[in-house]
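Hi there,

Here is the structure I promised to pass on. Have a look at it first, and my notes follow below.

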Amino acid sequence: MRIFAAFALFILWLILSASYNLLHMATGAVVASMIVWLSPAGAPHVRRFSWLAALMYVPWLISRILKSGFHVSRLILDPALPIAPGFVQHKTKLSSDGELVVLGNSITLTPGTITVEVAPGELLVHGLDAASCEELKSGVFDDRVGRLFSVKEDKK
Amino acid sequence: MNTFFFVVLTIITVLMLVYFYRVVRGPSVFDRVLGLNGISTKAIVLLVLIGTMFERVDMFIDISTGYALLNLVGALAIAKFLEERGASPK
Amino acid sequence: MTWLAIFLIVLGLFFLVVGSIGMLRLPDVFSRAHALSLTDSLGAVLVLAGLAVYEGFTMNFLRIFVVLLLVYLLNPVISHATIRAAYRSGLRPTEEEKK
């Protein structure tokens, strides 16, 4: 696992530094292994992560962002400005840190909804109008994010 | 193609002025922070665009990566500070 | 390939313009953050994607992609932090706006 992390960091170094003589690549290898060596072992709260579900998740999220992007643009360009901003208390069955991070990030990334406060099992979301919150309320986000981390494991 | 890039560059610069208006006028301090975030996001795009125009993307990419990271640190620091202090100075 | 790039850039520019208009028109901080997330997660990213496509599939494509990924991952964090600070310091949205 840690070798995999060091390898990923090394790849990132190669992409960013884009110069392939021996000196640069050796520096990259040393720095990558130093970072992995110095940082604490393992990601603490992510036990299982399904790469297949992540591959499915990203295009879905992008289509969601485009759809609500056009919706929000229509709201803003409307001369009457038909917005009804308000807070929504969103109960969720997700509670581990990794799931909450992905869920909150996805909600904020989608135009029309922003995560304000995060607590395990509960999110305070600000929505631009009722239609933007509709999707969140139906719980598709929770299902998708829950599938990313496969089954919830109790970490206690 | 270069003309097209130049037009895009001009439009983005004009848009930055809109955000600058928000920074100057913004009723609360958080409006100003949001305006600054918008400006820095556009600056990232602008840097890559300038690099493409001058055909030196490899150089400008590094600058914009650094800009994005510094923007994150700065914005988080400001948000954290304002959260502790509240909207108006005591 | 060039036409795809132009299409992506123009689409992104549309969202950038709309986001700026929203920044001017919307009534309070919380709503303005929505305009900002429109410019960030659609406008800037689409323009960057267009530039990456214009660059072709070289090393620079990957590097623009890394910047794009950074924008995508970090901007929600920034706007969440700002909005949470606004919320915690007692700011509330104006309710009596036009419905």
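Before the notes, one term: a salt bridge here is a side-chain nitrogen of Lys or Arg within 4 Å of a carboxyl oxygen of Asp or Glu. This is a predicted model, so local features need pLDDT of at least 70 and side-chain atom pairs count only at pLDDT 80 or more, while totals for chains, interfaces and linings use all residues. Residues are numbered from 1 along each chain as its sequence is written, chains are lettered from A and ligands numbered from 1 in the order in which they are written, and side-chain values use heavy atoms, with hydrogens and water left out.

Let me begin with where chain B meets chain C. By the rule above, four salt bridges cross this interface. In contact terms (heavy atoms within 4.5 Å), 44 residues of chain B meet 41 residues of chain C. The two chains bury about 3800 Å² between them, with 78% of it on carbon and sulfur atoms; buried area is the accessible area (1.4 Å probe) that two parts lose on being put together, summed over both. On the chain B side, Phe30(B), Leu34(B) and Glu83(B) lose the most area to chain C, together 17% of what that side buries.

Now to individual salt bridges. Asp62(B) pairs with Arg63(C), and their closest N and O atoms are 2.7 Å apart. Asp31(B) pairs with Arg32(C) at 2.3 Å between the closest N and O atoms. That pair runs from helix α2 of chain B to helix α2 (residues 29-55) of chain C; helices are DSSP runs of H or I with at least four residues, strands are runs of E with at least two, and both are numbered from the N terminus. Asp31(B) and Arg32(C) are both buried, where buried means under 20% relative accessible area, exposed over 50%, and partly exposed in between (1.4 Å probe, protein chains only).

Glu83(B) turns up again here, as a salt-bridge partner of Arg84(C) at 3.5 Å between the closest N and O atoms. Both residues sit in helix α3 of their own chains. Glu83(B) counts as buried because its relative accessible area is 16%. Shared partners join Glu117(A), Glu83(B), Arg84(C) and Arg88(C) into one salt-bridge network. Glu117(A) is buried at 18% relative accessible area, whereas Arg88(C) is partly exposed at 43%.

What does Arg25(C) touch in chain A? Leaving out residues up to four places away in sequence, Arg25(C) touches Ile76(A), Leu77(A), Asp78(A), Pro79(A) and Leu81(A). A polar atom of the Arg25(C) side chain lies 2.7 Å from the backbone oxygen of Ile76(A), and one lies 3.0 Å from the backbone oxygen of Pro79(A). Arg25(C) counts as partly exposed because its relative accessibility is 32%.

The other spot is Ser73(A), in helix α3 (residues 51-77) of chain A. Ser73(A) is buried at 2% relative accessibility. With residues up to four places away in sequence left out, Ser73(A) touches Phe14(C), Phe15(C), Val18(C) and Leu38(C).

Best wishes

Notes:
Polar contact = N/O pair within 3.5 Å; in protein donor to acceptor, adjacent residues only side chain to side chain.
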